[in-house]
Amino acid sequence: MQQTKVLIVGAGQFGLSMSRALSGLGIDHLVIDRGAAGEAWRSERWDSLKLLTPNWANGLPGVGYNGVDPDGYMTARDMAAQLEAYAQTIKAPLLEGTEVLRCRYDGGCYRVETHRGEIRAAAVVIATGAASKSHVPAFSANIPASVAQVTPDRYRRPSDLPEGRVLVVGAAATGVQLARELHLSGRDVTLAVGSHVRLPRSYRGEDIEHWLFVTGILDQLLTEINDVERARRLPAPQLVAGEALDLNALQSIGVEIVGRMSDVRDGRALFSGGLAHVTAAADLKMNRTLELVDAWIEEHGEPRPTAAVRPARTAIPSRPRLSIDLEAEGVKSVVWATGYRPSFAWLDVPVFDARGRLRHDGGVCEMPGLYVLGLPVLRRRRSHHISGAEADCRELSNHLAQFLNARCVA
């Protein structure tokens, strides 16, 4: 049995950033991960994936980005390598290849069972992130057995799928990227489009990420966001590394778009008739964001701004199809780009609401000494971004230090 003051579960960008913060406070801790540092970036991402944010926005606390291509976009494997190097740089007390089986609170401490044995800790930081498992709707069980089904964490390349038409479900960042990749590989692709966030890759001469930073949009705190729960549910914006990618671009190369997939009955995939409404709402919200950028430029006199040229509104088919007979139309694969969910199956502690969601206040859970990192809009809009790790870890490590100090006094 091992003992430590703080156990951090997960050695990605959030777990390692918290390790650095705790080391700075002189707090004994241990980081464990089922794989190596950055394992999810290495083993659960497709081959061609690049990060949505430019390199300059992906620096880790205390080191930043010091490479030769600040405006480039690193691959998932690059990110994994960066995290491995970071773990060594900060001398993280890391125990790799250690899977958590169960965590319970007993006798004033957490008893964490792993396949290597039990670890006891006064506090636990959950740093497994928001993308632990792919979400697949229940009606996926109605897909005919002749149609292969795959989620993005299992997909690697087009050749992994059987030859034939592909239905990609979900039009956030993952869905639009995979729809394009599969179409360019020679497949006929239909993309089922639900609610999404549309943003241009660049605007007025700068990457959109630049404007989200300087305008303060990403630094909005929980108290400054009108509907926090809605903000937490927003999908990743339709972006791809270094170029524009939206529904217009996909249609221009031959990808068919239909409405949100709602069910599968008798071998037919059914789609919502609300495609026009969904795309109009995304266009409206995009333009509101760009209006904020324009106003900021007007107020601050940002150097080198180019003219305000907005992306064209999303064009949709005059009569988008409402159903597809999967077998009759040669659909051989369905790619479920329907988002991710955090996984806390190992957490045997009463901190979940009636819908199974982890209850927390800015990352501080209801049980003493239990914390969580890396969830969407945890403390601010950028909490689940790589760039959001530093501020959240600094604030939560200070809270954790106060908890430990009070416990010692008691």
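Visitor: Which residue in S15 is the bridge partner of methionine 261?

Guide: The bridge partner of methionine 261 in S15 is phenylalanine 271. Before going further, a word on the basis: this is a predicted model, where local features need pLDDT of at least 70 and side-chain atom pairs count only at pLDDT 80 or more, while totals for chains, interfaces and linings use all residues. Residues are numbered from 1 along each chain as its sequence is written, and side-chain values use heavy atoms, with hydrogens and water left out.

Now to the part itself. Strands here are DSSP runs of E with at least two residues, and helices are runs of H or I with at least four, both numbered from the N terminus. Two strands count as paired if DSSP finds at least two bridges between them. S14 and S15 are antiparallel and share four bridges. They form a hairpin with two residues between the strands, and in that turn aspartate 266 has a positive phi of about 50°.

For comparison, look at another hairpin. Strand S4 (residues 100-106) and strand S5 (residues 109-114) run antiparallel and are joined by six bridges, with valine 100 opposite threonine 114 in S5. Two residues lie between S4 and S5, and glycine 107 in this turn has a positive phi of about 65°.

There is also an open sheet with parallel pairing, five strands in the order S8-S17-S9-S10-S13. Its edge strands, each pairing on one side only, are strand S8 (148-150) and strand S13 (256-258). Here too, the twist averages 20° from one strand to the next. S8 pairs with strand S17 (residues 331-336) over three parallel bridges, and glutamine 149 stands opposite valine 334 in S17.

Finally, some charges. The whole structure holds 31 salt bridges, each being a side-chain nitrogen of Lys or Arg within 4 Å of a carboxyl oxygen of Asp or Glu. One of them joins the side chains of aspartate 47 and arginine 157 at 2.8 Å, N to O. This pair links distant parts of the chain, 110 residues apart: aspartate 47 is in the loop between helix H2 (39-43) and helix H3 (76-89), and arginine 157 is in the loop between S8 and strand S9 (165-169).

Terms used: Axes are lines fitted to C-alpha atoms, for helices over the stretch in contact, and angles run from 0 to 180 degrees between N-to-C directions.
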